[in-house]
Amino acid sequence: MLSLLGNPRENYTSKCQPVTDRAIAKLIVYEDVGPFSIRGLKPAVASLRTILQTIGTSEPEVYDALGNEGMLCARLVRGSTTAISNHSWGTAIDLTLEGVLDRRGDGKVQIGLTRIYRHFNAAGWFCGAAFGTEDAMHFEAGDALIRQWHGDGTFATATATEAVDAALSLGDRGPDVADLQRLLNRRMDGTLAVDGDFGLATHAAVLSFQAAHGLYPDGIVGPRTLAKLEAED
């Protein structure tokens, strides 16, 4: 997200704060999506509207019960001190059913959510029910969909110093980040925690590696940085 859209703000806490980056702020809209109005990133809001229209046709009872706890919220991931939530860009939404928010981390999912998640999946979104800490009320636009929007020119303000294909940057999470951390540890005799969280320690290690190997030190792991990491000196 950082490499494609930029940073919504300079600092984060666990509390919602406003987007301060002017370029990103220009892409934020407040629109009616059917059962409610929502503020979020323009293409994400448009995609959400289409998904909800499909749900309205196939699952009218669930549709009538849908509400939300917000989409745009610039903050850290719950429980993290480094990872930036996708809510910060307005590409995720927390849904309620009849005003009730599914309880995070209890391993249970509201029945209504089990009836609609497939419509989000089909549109390139995924449900937080599959997260390490179950978060079934959370739905967010997937990486492939966001890259598609970028490729379509939707993010006219997006900049990156490296090609964005498979780029990793501060705030990213997942197995690709864990692989990166292993590479950094091998190449730099480091002691990074291999936790799949591209936090400040991983960012600092990437900057150090880039500076030491003649790469532009931007902290973004694109094709050039990755090739250098995988090369044998």
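Visitor: What makes residues such as Val 77, Arg 78, Arg 104, Phe 131 and Arg 173 part of the lining of the second largest pocket?

Guide: Lining residues have an atom within 4 Å of a pocket point, a pocket being an open set of points on a 1 Å grid over the protein atoms alone, where a 1.4 Å probe fits, with protein on both sides within 12 Å along at least five of seven lines. The lining has 18 residues, and the five named lie nearest the pocket's centre. This is a predicted model, in which local features need pLDDT of at least 70 and side-chain atom pairs pLDDT 80 or more, while totals for chains, interfaces and linings use all residues. Residues are numbered from 1 along each chain as its sequence is written, and side-chain values use heavy atoms, without hydrogens and water.

Visitor: What is the volume of the second largest pocket?

Guide: The volume is about 290 Å³, the space filled by probe spheres set on the points, which are joined across faces, edges and corners.

Visitor: Why is Asn 86 called buried?

Guide: Asn 86 has 12% relative accessibility and therefore counts as buried, a term for under 20% relative accessible area (1.4 Å probe, protein chains only).

Visitor: What makes the pairing of the Asn 86 and Glu 140 side chains a polar contact?

Guide: The pair lies at 3.1 Å. A polar contact is a pair of N or O atoms within 3.5 Å, one able to donate a hydrogen and the other to accept it within protein; residues adjacent in sequence count only if both atoms are side-chain atoms. The pair of Asn 86 and Glu 140 is therefore a polar contact.

Definitions and conventions. Buried < 20%, exposed > 50% of the residue type's maximum accessible area, 1.4 Å probe, protein only.
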